[in-house]
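Trainee: I have just opened this structure. Can we go through the terms used for it, one at a time?

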Amino acid sequence: MLAKRIIPCLDVKDGQVVKGVHFKNLRYAGKPTKLARMYDKQGADELVYLDISASPQGRKTIISVVEETAEQVFIPLTVGGGINEVDDIRSILKAGADKIAINTAAVKKPGIIKEGARKFGSQCIVSAIDAKRVYEEREDMISVDTPDGRCWFDVYVYGGRKSTGIDAIAWSKEVEKLGAGEILLTSMDADGTKMGFDLALTKKISEETNIPIISSGGAGTLGHIHEALTKGKADAALAASIFHYREYTVGDIKEYLREKGVTVRI
Amino acid sequence: MKPKIAIIDYGVGNLRSAQKGLASKGANAMIVEDEDAIDACDAIVLPGVGAFCDAMKQLRSFHELLLENVKKKPILGICLGMQLFFEESEEDGLHKGLSVMKGRVIRLPRSVKIPQMGWNTIEIKKESRLMAGIGSGGYFYFVHSYYALPREDVTVAATHYGVEIPAVVEKDNAYATQFHPEKSGKVGLRILENFVELAKEM
């Protein structure tokens, strides 16, 4: 049976891993490959490198980071952050990555998903969607009922800083049509709070699309991850802080999930 | 003596992981783009990520050479590479494959999310040197939207995702995996190690 996946995410700035929430109080936390090996040993199913370098020179360093990781770690690697052109995709895949996550660029130019999927295959293209709840009833937006009221979900770009007014549910169906192989869904409301994933958002998108969904944003306890993969109907859970601050290991999470009857790779 | 293994680059996907994986198990693994390099090697890897039809087009110059070489050297097909071994695929129309094995390639059923993306277990159906030291129940990394329906008894191991799917196939010198051994952690590297052993015998 296909297992649910646990995916640690590393923020990489100018070739180094950084720790911090919402780009504040960033502290250097070591070399990406070293941490990648550690998570691999812990049983991580995949890894995500999010490149948050600010400058074009900084961004170039991700290529050598990926090359180095590919020499030592043999589980799937997804790279995201600042990917704008099809040529960016090609060079990162060539360096040893398996999937590319595209966020802002896809909203600005949806054709990049289509072209990327056609050139490299859908399985290489992850559509990263950052979404924030808006508690208002609007006829033109797909809404869901939540314990806090009825809401729709607004797509955010530029690292979660700019609202687009685009319906996230509709956008997720669109990216599937364009050829995205997977969706990496981050709740802007939950991210950094450690109070749980946005289950209403995750469940709705999982029900409205037929491609795998990775839930991201809000993991604080083992129970949160279990919920995301069951109530939230996500296929995978991504987390950063709980791993970086050594609150839980991947093994802790998988043991818990297994005890609760969720199929995981142990 | 390190066996020479040629990984065919026909323009599709991440080859570096396969190269590094094979190298870590003692092979001199080279990514090759031209046909001359293939005759000089002990074994061949046919990787593959992307669409069947495009891949067959890109492989055109290697086609004859592969069919010649499979008679005398071990070849490992990975993912799309495995599908290319069969006679035809339904992906984007009906396209002819290499016909190294009898059977066709069809789309996964609509009852499941497509592609199958993630770790799934395999069940061993019969013995194979490619699977030495690996038993049923191990997890391997799959990412695919189509799967093979063999018309001959080539299935060594199978997995289940909506339907039973051949995970490993073997016929004479041709071996292939639907999953990515270079992305399946330790147990995947064991498969690469077994393939390197086969290459050493050349």
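Trainee: What is the bridge partner of Ile7(B) in E3(B)?

Mentor: In this predicted model, Val45(B) is the bridge partner of Ile7(B). Helices (H or I, at least four residues) and strands (E, at least two) are DSSP runs, numbered from the N terminus. Residues are numbered from 1 along each chain as its sequence is written, and chains are lettered from A and ligands numbered from 1 in the order in which they are written. Local features need pLDDT of at least 70, side-chain atom pairs count only at pLDDT 80 or more, and totals for chains, interfaces and linings use all residues.

Trainee: What makes E1 and E3 of chain B a pair?

Mentor: Two strands pair if DSSP finds at least two bridges between them. E1 (residues 4–8) and E3 (residues 43–46) of chain B have three bridges, in the parallel sense.

Trainee: Which strands are at the edges of the sheet of eight strands in chain B?

Mentor: The order is E2-E1-E3-E4-E14-E13-E12-E9 (chain B), in an open sheet with mixed pairing. E2 (28–32) and E9 (123–124) of chain B each pair on one side only, and these are the edge strands.

Trainee: Which strands does helix H1 of chain B touch?

Mentor: H1 (residues 16–24) of chain B packs on the sheet and touches E1, E2, E3 and E4 (75–78) of chain B. Contact here is between residues whose C-beta atoms, placed from the backbone, lie within 7 Å. The direction of H1(B) makes about 160° with that of E2(B). Axes are lines fitted to C-alpha atoms, for helices over the stretch in contact, and angles run from 0 to 180 degrees between N-to-C directions. Helix H6 (residues 185–200) of chain B lies across E1, E3, E4 and E14 (174–177) of chain B, at about 145° to E3(B).

Trainee: How many residues of chain B are in contact with chain A?

Mentor: 28 residues of chain B are in contact with 28 residues of chain A. On the chain B side, H1, E8 (116–121), E10 (139–144) and H6 each give two or more residues. E8(B) gives the largest share, six residues.

Trainee: What makes E9 and E10 of chain A a pair?

Mentor: E9 (residues 149–157) and E10 (residues 162–167) of chain A share three bridges in the antiparallel sense. In E10(A), Lys162(A) is the bridge partner of Val157(A). The hairpin has four residues between the strands, and Tyr158(A) takes a positive phi near 55° there.

Trainee: Why is helix H7 of chain A called largely enclosed?

Mentor: A residue is buried if 20 or more other C-beta atoms lie within 10 Å of its own, exposed if 12 or fewer, and partly exposed in between; C-beta atoms are placed from the backbone. Seven of the ten residues of H7 (residues 199–208) of chain A are buried, so the rest of the structure largely encloses this helix. Among them are Leu199(A), Ile205(A) and Ser206(A). Across chain A, buried residues make up 55% of the 266 residues.

Trainee: How do you know that the radius of gyration of chain A agrees with a compact globule?

Mentor: The radius is taken over C-alpha atoms, and the globule rule is 2.2 Å times the number of residues to the power 0.38. For 266 residues a compact globule would have a radius of gyration near 18 Å; chain A has 17 Å, which agrees.

Trainee: What is the mean pLDDT of chain B?

Mentor: The mean for chain B is 94, and 100% of its residues reach 70 or more. pLDDT is the predictor's confidence in each residue, from 0 to 100. The model scores ipTM 0.93 and pTM 0.95.

Conventions. Contact = placed C-beta atoms within 7 Å.
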